Amino acid sequence: MTFLVTQLRRFRVPALWLGISLLLSGPVVAQSVAERIQLCQACHGQDGNSLIPNIPSLAGQPEFFLLNQLVLIREGVRPIAAMQEVVKGLKDADIQAIAAHFAGLPAKAGDEKTDPALVTQGAELAPGLECISCHKPDLTGQQQMPRLARQRLDYLIMALKSFRDGTRSGADPLMVGAVLGRSDAELIALAHYAASK
Ligand code: HEC
Ligand code: HEC
C-alpha cells in the first residue's frame with residue numbers, strides 16, 4: 001500500500017491508472033459503493049455541493065484529485081477525524097468508483113457572498129503566485145490539483161491557512177510553497193477570487 005501511495009503522490013506516472021483499473025472487479029463493490037456514497041452525502045451534500053461550513057464540495061473535482069485524496073485519507077496520511085469511520089475498509093475499486101461519481105456531478109455556486117474588492121485583489125495576486133498554472137486559469141483543477149472554482153469560501157480560507165501554517169498533514173510541498181509567508185489578508189483575497197470563479 002505504501003507503494004501505491006508513493007506512486008499516487010507522483011501523479012505523473014500514467015501506468016498507475018492502468019494498474020488501478022486492473023485491480024477493479026465485481027458487482028459486490030457496486031452495492032457497497034452506493035451505501036458509502038449515501039454516507040458521504042450527509043456531509044458533502046446530496047449532489048456533492050456542500051451546504052456545511054468548512055466541509056468541501058466534491059462535485060466537479062478532477063477524478064484523480066478525489067482518488068488521490070481518498071487514498072491519503074484512508075491511509076491516515078491526511079487524517080480527517082470526521083471521516084475515519086466512512087473510509088474504513090474502502091477498497092481501491094470502491095475509491096475509484098466514488099471518485100468517478102463525484103467528479104461527474106456539476107459544481108454549483110453556493111450561497112456565500114464574495115466581496116468584489118477582494119476578488120479583484122485575489123485575481124491580481126494569483127498569477128504571480130503560480131496558482132493558475134497548477135489549478136488552471138479557470139481554476140477548475142486538473143490531475144491531482146483540485147478545482148477551486150465554486151468551492152466553499154470558508155473551506156478555501158481554512159485550507160489555505162492550513163497549507164501555510166503546516167497543519168494540513170500530507171500536504172503537497174509545492175502547494176505549501178505557493179502560500180508560504182503569505183498574510184491572512186492575502187489568503188482571504190485569494191479565496192474570494194477562487195470562490196467567485
Ligand atoms: C461526518 C462528515 C463527513 C463524512 C460522512 C464524509 N466526509 Fe469527507 N470530509 C469531511 C471534512 C470535515 C473534510 C475536510 C477536512 C479538512 O480539510 O480539514 C472532508 C474532506 C474530504 C475530501 C477532501 C476534499 C478536498 O477538497 O480537499 C474528500 C475527497 C472527501 N472528504 C470525500 C469523502 C467521501 C468520498 C465520503 C464518503 C465515503 C466522505 N468524504 C464522508 C467530512 C466528512
Ligand atoms: C505547483 C502546483 C501548485 C501551485 C503553484 C498552487 N497549488 Fe494549490 N494545490 C496544488 C495541489 C497538488 C493541491 C492538492 C493538495 C495536496 O495534494 O496536498 C492543491 C490544493 C489547493 C487547495 C485546497 C483545496 C481543496 O479542495 O482541498 C487550495 C485552496 C489551493 N490549492 C489554492 C491555491 C492557490 C490560491 C494558489 C496560489 C497562491 C495555489 N493553490 C498554488 C498544487 C498547486
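User: What is the average pLDDT of the chain, and where is the pLDDT below 50?

Analyst: The chain averages a pLDDT (the predictor's confidence in each residue, from 0 to 100) of 87, and 84% of the residues score at least 70. Residues 1–31 are below 50; this stretch has 25 contacts in the model beyond near neighbours in sequence, a contact being a pair of C-beta atoms, placed from the backbone, within 7 Å. Where pLDDT is low, the predicted coordinates should not be read in detail.

User: How many helices and strands does the chain have?

Analyst: The secondary structure comes to 10 helices and zero strands, with helices (H or I, at least four residues) and strands (E, at least two) taken as DSSP runs numbered from the N terminus. Among contacts between residues at least 6 apart in sequence, 75% join residues at least 24 apart.

User: Why is H4 called largely enclosed?

Analyst: A residue is buried if 20 or more other C-beta atoms lie within 10 Å of its own, exposed if 12 or fewer, and partly exposed in between, with C-beta atoms placed from the backbone. Nine of the 12 residues of H4 are buried, so this helix is largely enclosed by the rest of the structure. The buried residues include Phe 65, Asn 68, Gln 69 and Arg 74.

User: How do you know that the span of H4 is close to the expected one?

Analyst: The expected span is 1.5 Å times one less than the number of residues. H4 has 12 residues and reaches 16 Å from its first C-alpha to its last, close to the expected 16 Å. H5 (residues 92–103) also has 12 residues and reaches 16 Å, close to the 16 Å expected. Buried residues of H5 include Asp 94, Gln 96 and Phe 102.

User: Why is Pro 53 called exposed?

Analyst: Pro 53 has 11 other C-beta atoms within 10 Å, and therefore it is exposed. This residue lies in the loop between H3 and H4.

User: Which residues are closest to ligand 1, and how does its shell divide by class?

Analyst: A residue is near a molecule if its C-beta atom, placed from the backbone, lies within 6 Å of it. Ligand 1 is surrounded by 18 residues, the closest being Cys 40, Cys 43, Pro 56, Gln 69 and Ala 82. H3 (27–44) and H4 (63–74) are the elements that give two or more residues, and H3 gives the most, with six. The shell divides into 15 nonpolar, two polar and one charged; Ala, Val, Leu, Ile, Met, Phe, Trp, Tyr, Cys and Pro count as nonpolar, Asp, Glu, Lys and Arg as charged, and the others, Gly among them, as polar.

User: Which residues come nearest to ligand 2?

Analyst: Of the 23 residues around ligand 2, Leu 129, Cys 131, Cys 134, Leu 174 and Ala 178 come nearest. H9 gives the most to this shell, with four residues. By class, the shell has 18 nonpolar, three polar and two charged residues.

User: What makes a set of residues a nonpolar core, and which members of the largest one touch the most others?

Analyst: A nonpolar core is a set of buried Ala, Val, Leu, Ile, Met, Phe, Trp, Tyr and Cys residues joined through C-beta atoms within 7 Å. The largest has 18 residues, of which Leu 156, Leu 160, Leu 190, Ala 191 and Ala 194 touch the most other members. H10 supplies the largest share of this core, seven residues. A second, separate core of 16 residues includes Phe 65, Leu 66, Val 71 and Met 145.

How values were computed
Residues numbered from 1 in each chain as written. Chains lettered and ligands numbered in written order. Predicted model: local features only at pLDDT ≥ 70, side-chain atom pairs only at ≥ 80, totals over all residues. Contact = placed C-beta atoms within 7 Å.
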